[in-house]
Amino acid sequence: MAFATLAALSLGLLPVAAFAADAPKPTTADIASDTVWVIVTGVFVMFMQAGFAMLEVGFSRMKNVGTVVAKVITNFSISSIVYWAIGFGIAFGGGGVFWLIGGSGWFPSFSPGSQMDLPALVGSTAPASAKFFFEFVFCAVSLAIVWGTMLERTKFIVYILFAIPFAGFIYPLISHQLFGGGWLQATLGAQDFAGSTVVHLTGATAGFAGLLLLGPRIGKYERKRKPNAIPGHSMPIAQLGVLILWFGWFGFNPGSTLNATNLHFADVVITTNLAAAAGAVAALACIYFMTKTMDVGMIGNGAIAALVAITAPSGYVEPWAAVIIGAVAGVIVVFGVLAIDKYLDDPIGALPAHGLAGIWGTLSCGLFTVPALAKFNGVGGGGLFYTGSFHQLGAQAVAVGVSAGTVFVLRFACFWVITKPVGLRGSARGEMGGLASSAPARWGSREARRRVPRGAAAPA
C-alpha cells in the first residue's frame with residue numbers, strides 16, 4: 001500500500017500545463033502590486049515563527065524555553081537553504097525536467113530578468129523570487145508544527161537532521177500535489193486553497209510519527225496510564241503566541257491569492273477572521289460546559305484549530321460557512337485534546353489543532369465550496385450543499401488519505417533512521433534538569449531507565 005501510494009505521488013511530480021487561460025498582458029502597475037502583496041504577506045507568514053516560539057515557550061516548563069527558541073531559529077535557517085537548493089524545484093518546477101540545476105529546478109538563481117517556468121503559479125505576475133519566498137515560509141510553518149508534539153524531550157540534533165529531508169523532499173512532494181499542479185490537484189480536482197492538508201496535516205502527521213517513536217515525557221503517565229498534567233510556565237506568553245499566529249494568518253490565507261489586483265484576497269480576510277472567532281467561542285463554550293471552568297489554553301487552541309480548518313476552504317466559501325467551519329473546529333480540538341492526552345503526550349495539542357482540524361478543513365471544501373468560487377480559482381467543483389454531488393467531497397477525502405498516508409510513511413522512516421546513529425531522545429538526567437544540559441545518552445538505554453522510574457514526578 002505504501003509503495004503504491006509513493007508510486008502514484010511520484011507520477012504526480014510530472015509537470016502540468018498552466019491552469020489560467022490567456023489573459024491581457026499585465027501592466028507595470030499590476031506587476032508591482034502583485035510583487036508587494038506577495039512579499040508583504042510572506043513576511044506576515046514568516047512572523048508566525050514568533051507565534052510558534054511564544055506558544056511553545058508558554059506551554060513548556062521554564063527549564064526548556066531556551067532550547068525551544070534556539071530550535072525555532074535553527075529550523076527556519078536550515079529550511080531556508082534546503083528549500084532554495086532542492087525543495088522549490090520539486091514543488092513548483094516545470095517546463096520538462098524540473099530537477100535540472102538552475103532555472104526552475106535546483107539551486108535557482110532568480111537573476112534579474114530571468115524567466116523561470118512555474119506553470120502552477122501563473123495566476124500572479126509577481127517575479128519568481130517573490131513567489132519562492134512566499135512558498136518557502138509555508139514550508140517553514142509546516143516544519144514548526146512537527147515539533148509541537150515532541151517538546152521537552154527531543155535531542156537538538158534531531159531538529160537539524162530532520163529539517164533537511166523535510167524541507168528538501170517531503171514537504172515539497174505534498175506541496176506539489178495540491179499547490180504545484182500534481183495529480184491530486186490537476187487530475188482529481190482536490191482543493192486546498194492555503195494548506196490545511198499541505199501545511200498543517202503534513203506537519204501534524206510528521207509529529208505523530210515522531211511521537212510514536214519518542215514516547216512521553218518523564219512523569220506524564222502513571223503505571224495504569226493515568227495522565228498527569230504538566231502545565232506550561234506561562235499562559236500569557238502562550239496566548240501572545242496565539243494572537244501572533246492569528247495575525248500571521250492574514251498573510252497565510254489572503255496572501256495565497258498571490259494576486260493583489262483581482263481583490264479576492266479581501267473576501268479571504270473575512271472568512272479567515274470569522275472562522276477564528278467562531279472557533280475560540282465554540283471552544284470556550286464547549287470546555288465550560290464540560291468542566292465548568294474557563295480554560296484559556298483551550299480557547300487559544302480553539303482559535304488555532306479554526307484557523308487551520310478555514311485554511312483549505314478560505315478562498316472557496318461564503319462567510320456563513322466560515323463560521324460553521326470554525327465553530328466545528330473549536331469543538332473538535334477540545335474533544336481531541338482530552339482524548340489524545342490519555343494515550344499520547346502532545347504538550348501543545350498540535351495533533352488535534354493541526355491534524356484533526358486540518359482533516360476537517362480539507363473535507364469541508366467538499367461540503368461548502370461555492371461553484372462560482374471554485375471556477376474563479378480554477379480547481380475542482382462545488383460542494384455537496386450546492387451541487388448535491390459527493391464528487392468534490394470524495395476528492396477531498398482521497399487527498400487527505402493519500403497525503404497523510406504518504407507523509408506518515410516517509411516521516412516514520414526518517415525518524416527511525418535517525419534513531420540508529422544518534423537517537424531521538426536526550427538522557428533522562430538531561431530531561432529532568434532541562435534540555436540545555438541534556439547528555440548524549442540514548443533514551444531507552446538501561447542507564448536511562450535505571451536513573452528515572454516511569455512514574456517519577458516531573459519537575460517544573
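## Helix packing in a predicted model

Helices α2 and α3 are roughly antiparallel to each other, because angles over 145 degrees count as such. The model is predicted. The crossing angle between helix α2 (residues 28–59) and helix α3 (residues 65–92) is roughly 160 degrees, and their axes come within 9 Å. The crossing of α2 past α3 is right-handed.

On the α2 side, the contact consists of Met 46, Gln 49, Ala 53, Glu 56 and Val 57; these meet Val 65, Val 68, Val 69, Lys 71, Val 72 and Phe 76 of α3. Sorted by class, the residues in this contact of α2 with α3 are eight nonpolar, one polar and two charged.

| Helix pair | Crossing angle | Axis separation |
|---|---|---|
| α2 (residues 28–59) and α3 (residues 65–92) | roughly 160 degrees | within 9 Å |
| α5 (residues 156–178) and α7 (residues 196–214) | about 135 degrees | 10 Å apart |
| α11 (residues 319–340) and α12 (residues 350–368) | roughly 145 degrees | within 9 Å |

Helices α5 and α7 pack at an angle of about 135 degrees. That angle makes α5 oblique to α7. Their crossing is right-handed. From α5, the residues Phe 162, Phe 166, Tyr 171, Ile 174, Ser 175 and Leu 178 take part, and they meet Thr 197, Val 198, Val 199, Thr 202 and Ala 206 in α7. The contact of α5 with α7 has eight nonpolar residues, three polar and no charged.

Phe 166, one of the α5 residues that meet α7, is also where α5 bends by about 50 degrees.

Helices α11 and α12 cross at roughly 145 degrees, with axes that come within 9 Å. This crossing, too, is right-handed. The α11 side of the contact is made by Trp 320, Ala 321, Ile 324, Ile 325, Val 328, Ala 329, Ile 332, Val 333, Gly 336, Val 337 and Ile 340, and the α12 side by Leu 351, Pro 352, Ala 353, Leu 356, Trp 360, Ser 364 and Phe 368. Of the residues in the contact of α11 with α12, 16 are nonpolar, two are polar and none is charged.

Key:
Residues numbered from 1 in each chain as written. Predicted model: local features only at pLDDT ≥ 70, side-chain atom pairs only at ≥ 80, totals over all residues. Heavy atoms only, no water. Axes fitted to C-alpha atoms, helices over the stretch in contact; angles between N-to-C directions. Helix = DSSP H or I, 4+ residues; strand = E, 2+ residues; numbered from the N terminus. Parallel < 35°, antiparallel > 145°, perpendicular 65-115°, else oblique. Left-handed = near helix turned anticlockwise from the far one by under 90°. Contact = heavy atoms within 4.5 Å. Nonpolar A, V, L, I, M, F, W, Y, C, P; charged D, E, K, R; others polar. Bend = angle between axes of the 7 residues up to and from the residue.
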